[in-house]
Amino acid sequence: LAGLVLSARTATVTADEGPIPGAWHVTTIAGVGASNLDDVSPCADAHQATREKFNRPWKVEEAAFTAPTRAQIVNGTAFIMDGENGCIRMIDDGMVTPATPCCGEHGGEDIGVGHDGAGPQDMHVTADHFYLMDSYSFQLKRASRPFDKWVVLAGNGSRPHRGRSTDGPALEQALNEPHGMAVTSDGSGDVYIAETWSSCIRLYRKGALTTVAGQCGTGGHADGQPLQARFQHMHHVNLDPRNESRL
């Protein structure tokens, strides 16, 4: 996201205010440089952004479906993946509010979190849905927007034997600590998954998981046709916004 930068270690979100590289001015728009939200009661409520705490924020995403202006981005129109607190939060008009339940509150109890970075590693927000890569529950989840409840799309909640993930019905397959995802924008509901600890790329499509690149359970570094190529613990995957057939 041009204009917004996350610092997971210091739990802050910054924005550039310059027109060209070399003339940027970095300003903190959210976070106080300290983590641990889970000891605050209530865990996540509406707070002034510059006085709020996050816990390993991994990703910030512009609300693309509202096409915010640059001024709105600087003011904080964005969604934040608040990793160790297991939720998605929203910055709007200088305030931070929870978009999904945080810290195991009702509706978010089944999100896998822990210390040293354990928690959801990726998210995507559309006009109708929240997508969450619940990495330490080994599942891909989705919820209606506004939030209703998390629904598992893929993953049976376990790791595959020796990382050898298999294709088939998505809810019956194991996912090996997936960290990244890319959701298509054509309304199909297709989701590409970076299955980090199996070193392969999977496609969730119409209730099934299919390996589309790499060999699950075999890492390495090799170019070639997708299923002959090798990866080593990749964390992210993206679609070319100009042509989503390019991954």
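Trainee: How many bridges join E13 to strand E17, and do the two run parallel or antiparallel?

Mentor: Two bridges join E13 to strand E17 (residues 208-213), and the strands run antiparallel. The model is predicted, so local features need pLDDT of at least 70 and side-chain atom pairs pLDDT 80 or more, while totals for chains, interfaces and linings use all residues. Residues are numbered from 1 along each chain as its sequence is written, and side-chain values use heavy atoms, without hydrogens and water.

Strands are DSSP runs (E, at least two residues), numbered from the N terminus, and two of them pair if DSSP finds at least two bridges between them. E13 belongs to an open sheet of five strands, in the order E13-E17-E16-E15-E14, with antiparallel pairing. Strand E13 (168-169) and strand E14 (180-183) are at the edges with a single partner strand each, so one side of each has no neighbour in the sheet.

Leu-209 is among the residues that touch the most other members of the largest nonpolar core, which has 13 residues. Such a core is a set of buried Ala, Val, Leu, Ile, Met, Phe, Trp, Tyr and Cys residues joined through side-chain atoms within 4.5 Å; buried means under 20% relative accessible area, with a 1.4 Å probe and protein chains only. Strand E10 (129-134), strand E12 (151-154), E14 and strand E15 (191-195) each supply at least two residues of this core.

Technical notes
Helices (H or I, at least four residues) and strands (E, at least two) are DSSP runs, numbered from the N terminus. Buried means under 20% relative accessible area, exposed over 50%, partly exposed in between (1.4 Å probe, protein chains only).
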